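Hi there,

Here is the structure I promised to pass on. My notes follow below it.

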Amino acid sequence: MEGIRGDGASSASPLSQWGHDGWRIYQYYLDKTTPHTAYRWIGTLVITAIYCLRVYHVQGFYVVAYGLGIYLLNLLIGFLSPLVDPELEVTDGPSLPTKGSDEFKPFIRRLPEFKFWYSMTKAFCIAFVMTFFSVFDVPVFWPILLCYWIVLFVLTMRRQITHMIKYKYIPFSIGKQKYTGKKPSASSNGFRGD
């Protein structure tokens, strides 16, 4: 029985082992960045600035920038959308309240913040690398691409905001909600129980 499996099946090749170890180290450091939201976004802004400077300096790769913009718009829509769209599904699980008498149910994003950040950062890194290959530098009249992207952005955001208003949800929470307690009523008798 031992001869049937062979020695090669039980041990992985050194190259695949190194790849696996490298992926584990990468995942370890990626996991360590999870609680540091502000630092992650600052790093992404730095990468974005480097990419923008590269495109400005080269004066090209506008199709890459347009594709990046469309992808980022798609990510933004996922970030702003609820996990369960009240327009499409009626479920027994968590959903958004539609009336004032409905119980509070927290907003759960379709695309969580960490995945949004990670996908956005990867997209900028890939687009940056693409600017070093002339095959991606397609000659186009960039103002038309910019105008078309702005029209897409405005129409998409208008539809998303209309959806937010219709189903009464806000995808952001500003600070922690604090309970102020009950206001004293005028019918209290003033007895403090001394």
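How many aromatic pairs does the structure hold? There are 12 aromatic pairs, where rings of Phe, Tyr and Trp (its six-membered ring) pair if their centres lie within 6.5 Å; planes under 30 degrees apart count as stacked, over 60 as edge-to-face and the rest as tilted. Phe-79 and Phe-116 are stacked, because their ring centres are 4.6 Å apart and their planes meet at 15 degrees. This pair links distant parts of the chain, 37 residues apart: Phe-79 is in helix 5 (residues 62–80) and Phe-116 in helix 6 (residues 113–130). Helices are DSSP runs (H or I, at least four residues), numbered from the N terminus.

Ring pairs also join Trp-41 to Phe-79 and Phe-116 in a cluster.

Some notes on charges: the charged end of Arg-40 sits over the ring of Trp-117, 5.0 Å from its centre. The criterion is CZ of Arg or NZ of Lys within 6 Å of the ring centre and within 35 degrees of the ring normal. Arg-54 lies over the face of Phe-132, 4.0 Å from the ring centre.

On the reading of all this: it is a predicted model, where local features need pLDDT of at least 70, side-chain atom pairs count only at pLDDT 80 or more, and totals for chains, interfaces and linings use all residues. Residues are numbered from 1 along each chain as its sequence is written, and side-chain values use heavy atoms, with hydrogens and water left out.

Best wishes

Key. Helices (H or I, at least four residues) and strands (E, at least two) are DSSP runs, numbered from the N terminus.
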